Protein chains: 2
Amino acid sequence: MNELDIGEVARRAGVTASTLRFYEEKGLIASRGRRGLRRLFDAEVIERLALIALGRTAGFSLDEIGRMFGADGQPRIERGKLSAKAEELDRTIKRLSALRDGLRHAAACPAPSHMECPTFRRILSSAGSGALRPLAARKPRRLISKGGDRTTNGKD
Amino acid sequence: MNELDIGEVARRAGVTASTLRFYEEKGLIASRGRRGLRRLFDAEVIERLALIALGRTAGFSLDEIGRMFGADGQPRIERGKLSAKAEELDRTIKRLSALRDGLRHAAACPAPSHMECPTFRRILSSAGSGALRPLAARKPRRLISKGGDRTTNGKD
DNA sequence: CCTTGACCTCAAGCCAACTTGAAGTGGCAA
DNA sequence: TTGCCACTTCAAGTTGGCTTGAGGTCAAGG
């Protein structure tokens, strides 16, 4: 059977049902139809959701991702955009690497207080000047609510 | 003169005055006192702001950062926390690197549509499984409002 | 027949980290 | 002395990406 109900999709894609409804509302995914009230998705949606996850991971907003699919559903991702993102990502990676090294140093640093450690101060100034935007400290998605849509990933 | 008014601090630290008031309210920074209504900061606050920026960059929330300063103002950053963050950062970097390579490949890939490219599909599945949280796509701070607190960085 | 439970809708809520707006104050140069 | 305008306060708004809640529908199993 190629028709998945929302719970099944949720389970397979690792998102909640409400997220799926939200994505549908935003036009990021579509259901093949309904059986009664219930949405039926076909299995391709899983792939699409992976694509969406990929886009999110790369730092695209949902709106941007939405614009990347043609009306037909084909992912019409412009290659230029991809490489632009790749380069942006590369810059981010470089900064993060420097930061990681700095943190490691500071963690191992023998100076009594971090402020007395020259390396730490150096990171400090580069962090100040660098326009690196914070990594999202998104709240770690709740895995379980009490009733109803328990179609969450997690213990299932 | 060691006493900076809020505008000066804002300019030097590259944040808006409202951000500084907000940070003060949250207890992340403190002003040395007031001249009339106006806050006076001493120059050390710049360093502190750099520290805050560093923390943000590393993915700490403002609350977490707040907890890192002792009541005295000394940055009591636990080294364990630093290295934990460093390792977290390292994992993020690894994922981002894979993603970057994937994007580069997809950009250069000769397959007619991305979905037909095996490499792309591979990235897709790893992005799906990986719990990499999206990089913040924070809105690119507005540099200028019309009046009042124009103490923003930017054209200055 | 009745309950259960997975689904449905729609509106509202949440979170962090700020920003914006309205209305007021006061330091300082001319 | 005057007037400018950078400052002040406080409350409310914004953004993105969902989540939560109330109240409802429906198919299947006991």
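**Confidence, then packing**

Analyst: Begin with confidence, since this is a predicted model. Among the elements of chain A, mean pLDDT is lowest for helix α6 (residues 118–129), at 70, and highest for α2(A), at 96.

User: What is the average pLDDT of chain A?

Analyst: Chain A averages 78, and 77% of the residues score at least 70.

User: Where does pLDDT stay under 50?

Analyst: The general idea comes before the case. Where pLDDT is low, the predicted coordinates should not be read in detail. In chain A, residues 137–148 stay under 50, and the model gives them ten contacts beyond four places in sequence. Residues 150–156 of chain A are also below 50, with 15 contacts in the model beyond near neighbours in sequence.

User: Which residues of helix α2 in chain A are buried?

Analyst: Buried here means under 20% relative accessible area. In α2 (residues 17–25), A17(A), T19(A), L20(A), Y23(A) and E24(A) are buried.

User: Why do they line one face of the helix?

Analyst: Look down the axis of α2(A). The buried residues fall within an arc of 155°, so they line one face. They pack against α1 (6–13), β3 (38–42), α3 (44–57) and α4 (62–68) of chain A. Just after α2(A), G27(A) has a positive phi of about 85°.

User: What does the UniProt annotation cover?

Analyst: Compare the record with the model. An unreviewed UniProt entry annotates residues 79–106 of chain A as "coiled-coil region". In the model, that stretch is 100% helix and 0% strand. Its end C-alpha atoms lie 40 Å apart.

Methods
Residues are numbered from 1 along each chain as its sequence is written. Chains are lettered from A and ligands numbered from 1 in the order in which they are written. This is a predicted model: local features need pLDDT of at least 70, side-chain atom pairs count only at pLDDT 80 or more; totals for chains, interfaces and linings use all residues. Side-chain values use heavy atoms; hydrogens and water are left out. Buried means under 20% relative accessible area, exposed over 50%, partly exposed in between (1.4 Å probe, protein chains only). Helices (H or I, at least four residues) and strands (E, at least two) are DSSP runs, numbered from the N terminus. The arc is that of the directions from the helix axis to the C-beta atoms. Contact means heavy atoms within 4.5 Å. pLDDT is the predictor's confidence in each residue, from 0 to 100. UniProt positions are given in the numbering used here, feature names are shortened, and annotations may be inferred rather than shown by experiment.
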